[in-house]
Amino acid sequence: MTTLAYALGASLPLVVGAAVGVRWEPPKHLVASVLAFAAGALIVSTSFELFEPAYAGGGPWRSGAMFAAGAIVFVAADTWLDHRYQHSAAGIALLAGVTLDGIPENTALGVSLNDSASVALLVAVFVSNFPEALAGARSMMDRGRSARTVVLVWAAATVLLAAAVFLGKYLFAGAGPAALSYPLAFAGGAVLASVIDTLAPEAFGEGGPVIALASAAGFVTGYLLSA
């Protein structure tokens, strides 16, 4: 039941955000503030929920190499997506980006269930997925896609990311700290890269310097949940 709850909690915000987005266009500063809050929370989760246990279980070289690998893979894939979709609808690019960083995030959530369930990471993922899905759905609607098509596309992403939680949980069930350090460190690198490459620039671009306060609030909230 815990695995199902985490899978739903991490992935349902996508389809819910899309359903809201096809009916309502929120103020840009509101979306920016939520994204900034998520960025602060994800930084904490990367540090304490992903990299710290990876370092403890795998040591500096193994965890450091996998962390770097996760960041490199995300940046390479995201760069390719930017070139692939630069002349396409922004909503499609957002969908691709959410899926790209959501898979390692949700897999890491599943991995954490084999040790101690990470509430902080769950909250950070939840808070980041909802506004991105809302904005992506709104952009698709502006490009002439039907509400039904938009919701179905984001629903498919929801199923994929929910499956990633189960994958992380059962693929690494019974694995020792050394084995768990690989997916945790890799996910940490990918998540941090996504924060710097996607969430933070999006938030700053729409909300300006004041959204730094929302990031600080997200950091404190994430830290308190981790502690």
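1. Let's start with helices α2 and α4 (residues 119–142): their axes come within 8 Å and cross at roughly 150°. Helices here are DSSP runs of H or I with at least four residues, numbered from the N terminus. Axes are lines fitted to C-alpha atoms, for helices over the stretch in contact, and the angles run from 0 to 180 degrees between N-to-C directions. α2 and α4 are therefore roughly antiparallel to each other, a label for angles over 145 degrees. The crossing of α2 past α4 is left-handed, a term used if the near helix is turned anticlockwise from the far one by less than a right angle.

2. A word on what you are looking at: this is a predicted model, in which local features need pLDDT of at least 70 and side-chain atom pairs count only at pLDDT 80 or more, while totals for chains, interfaces and linings use all residues. Residues are numbered from 1 along each chain as its sequence is written, and side-chain values use heavy atoms, with hydrogens and water left out.

3. Now follow α2 (residues 28–84) to helix α6 (residues 177–207), where the axes come within 4 Å and cross at roughly 155°. That makes α2 roughly antiparallel to α6. Here too, α2 passes α6 in a left-handed crossing.

4. Helix α3 (residues 90–112) is worth a visit for S112. Is S112 buried or exposed? S112 is buried, because its relative accessible area is 8%; buried means under 20%, exposed over 50% and partly exposed in between, with a 1.4 Å probe and protein chains only. The C-alpha atoms of S112 and L50 are 8.4 Å apart, although 62 residues separate the two along the chain.

5. L100 is also in helix α3. With a relative accessible area of 23%, L100 is partly exposed. L100 and A36 lie 64 residues apart in sequence, and their C-alpha atoms are 19 Å apart in space.

6. α1 gives the most, with four residues. V16, in helix α1, counts as partly exposed at 40% relative accessibility.

Key: Helix = DSSP H or I, 4+ residues; strand = E, 2+ residues; numbered from the N terminus. Parallel < 35°, antiparallel > 145°, perpendicular 65-115°, else oblique.
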